[in-house]
Amino acid sequence: MSTKKTSQSEALFERSQRSIPGGVNSPVRAFKAVGRSPLFIKKAQGAWITDADGNSYIDYVGSWGPMILGHAHSAVIEAIREAAGAGTSYGAPTELEALIAEEIIAAVESIEKVRLVSSGTEAVMTAIRLARGFTGRDLIVKFEGCYHGHSDGLLVKAGSGLATLGTPDSAGIPADVARNTLVLPYNDPESLAKAFAEKGGDIACIIVEPIAGNMGCVPPQPEFLRAMRDLTTKHGSLLIFDEVITGFRVAYGGAQELLGIKPDLTCLGKIIGGGLPAAAVGGRADIMERLAPLGAVYQAGTLSGNPLAVTAGLTTLRLLKELNPYAELEQRAAKLEQGLRDAAGEVGVPATTNRVGSMLTAFFAEVPIVDWPTAKKSNTDQYAAFFRAMLDQGIYLAPSQFECAFVSYAHTEEIIEKTIKAAHAALREITA
Ligand SMILES: *Cc1c(COP(=O)(O)O)cnc(C)c1O
């Protein structure tokens, strides 16, 4: 049991379960993987998040990625306040939408035109439909361990055997839909080449997290990236980078800037909403112009380009450009990574850390983590114990081993040091 008072959170969880399935509006929030009930959050500021009982924690979830400037950044909040005074939605175009589109196009090299939507799931759905409409093909390729939102065709797992067509990974997904998704291992250029050799002419696109964040942080191997670009080009398929996490996170221009690979389409989300619901799909103009009203690929949204969401996003992007925090984020996250390794080393707990810029995961595993099968070798019971002990130490980590910790610009050197100290204490406690 927690050493902190959590009676308000527990009461709210009880109450919410009566009206909301599982008491939460997104499953990972339920804390099931870490064997305790969730904290209900009352407010957040900078690197800190405060629960309903008044406990404050250093937060490494950051709303799962958007809060790269820290919570409730004064300039972002001020801009949202001002925008709200002018009305919250019109269902008609605004100058703001052109401004954020121009900002995104200037930042991300492969994007020539961009359409705004309200969630990463929607951005991916649109990118996939666009790829199918553009190529006239149905098959899509995704990789095991990558997450692309909860739409039917992407909630699919590998069938038995390599390069077999997928099977549904959720009830309610027609087998006929899942069969159009080919699920391949991450970081495995050979199986990718084999799939294209067999089915290349039927493949509309590859969709990939160019730096995986949803099996914990797993960087791509250069040969894997190169194979994706070469094979799609050779077979007339499109390469879609799902940069919903990595966009404006690992570099201002996203993973594609860092890795030097140009996709045909890019999905953005999380940071571009600055904590409000905004996301986008962008890419080559000749592909993007297939979208309605210019082209035959239909896509729409009542709240797409919502003025409050765009204001929060645009303000966040402009601040990121002005502050250029990436070198500092790198430094602080590297310090955290080293601190976590040292803490694990001190108590003899096997740990493997993966990090790209300000996204990192410490896996309780002895092997290098390069894909989903290796990630799964992690000791998730040990992670759960570590998570709970860290919470007691005042550190709020992701409630699952297979997620990233996100360092924000509000995580000062001092906050990182505090976190490392807490990790030493937590690991001593769980190994005592
Ligand atoms: C979060 C996420 C999504 C889904 O975005 P939502 O806004 O939750 O729908 C898609 N792709 C990746 C890589 C993500 O991390």
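1. Setting aside neighbours within four places in sequence, Thr 419 is in contact with Ile 58, Tyr 60, Leu 336, Met 390 and Ile 395, where contact means heavy atoms within 4.5 Å. Thr 419 belongs to helix α14, residues 413-431. Helices here are DSSP runs of H or I with at least four residues, strands are runs of E with at least two, and both are numbered from the N terminus. Thr 419 is buried, because its relative accessible area is 2%; buried means under 20%, exposed over 50%, and partly exposed in between, with a 1.4 Å probe and protein chains only. A polar atom of the Thr 419 side chain also lies 2.7 Å from the backbone oxygen of Ile 415.

2. A word on what you are looking at. This is a predicted model, in which local features need pLDDT of at least 70 and side-chain atom pairs count only at pLDDT 80 or more, while totals for chains, interfaces and linings use all residues. Residues are numbered from 1 along each chain as its sequence is written, and side-chain values use heavy atoms, with hydrogens and water left out.

3. Next, Thr 353. Thr 353 sits in strand β13, residues 352-356, and counts as buried because its relative accessibility is 10%. Which side chains make polar contacts with the side chain of Thr 353? One is Glu 337, at 2.9 Å, and another is Arg 341, at 2.3 Å. A polar contact is a pair of N or O atoms within 3.5 Å; within protein, one must be able to donate a hydrogen and the other to accept it, and residues adjacent in sequence count only if both atoms are side-chain atoms.

4. Leaving out neighbours within four places in sequence, Thr 353 touches Glu 337, Arg 341, Thr 361 and Ala 362. Arg 341 is 12 residues from Thr 353 along the chain, and their C-alpha atoms are 7.2 Å apart.

5. Gln 382 lies in helix α13, residues 380-392. Beyond neighbours within four places in sequence, Gln 382 is in contact with Val 349, Phe 364 and Ile 430.

6. Some backbone details deserve a look on your screen. The peptide bond from Ala 292 to Pro 293 is cis, with omega near 10°, and Pro 293 falls in the loop between α9 (285-288) and α10 (307-323).

7. Positive phi angles come next. Phe 248 is not a glycine, yet its phi is positive, about 65°. Asn 324, also a residue other than glycine, has a positive phi near 40°. Phe 248 is in the loop between β10 (238-242) and α8 (254-259), while Asn 324 is in the loop between α10 and α11 (326-347). Are these residues buried or exposed? Phe 248 counts as buried because its relative accessibility is 0%, whereas Asn 324 counts as exposed because its value is 51%.

8. Now the overall fold. The protein has 14 helices and 16 strands, and its C-alpha trace spans about 60 × 55 × 45 Å along the principal axes. With 432 residues, a compact globule would have a radius of gyration near 22 Å, and the protein's 21 Å agrees with that. The radius is taken over C-alpha atoms, and the globule rule is 2.2 Å times the number of residues to the power 0.38.

9. Finally, packing and surface. Of the 432 residues, 56% count as buried. Among contacts with a separation of 6 or more, 72% come from residues 24 or more positions apart. The protein exposes about 18,000 Å², with carbon and sulfur atoms supplying 52% of it; accessible areas come from the Shrake-Rupley method with a 1.4 Å probe, and for residues only the protein chains shown count as cover.
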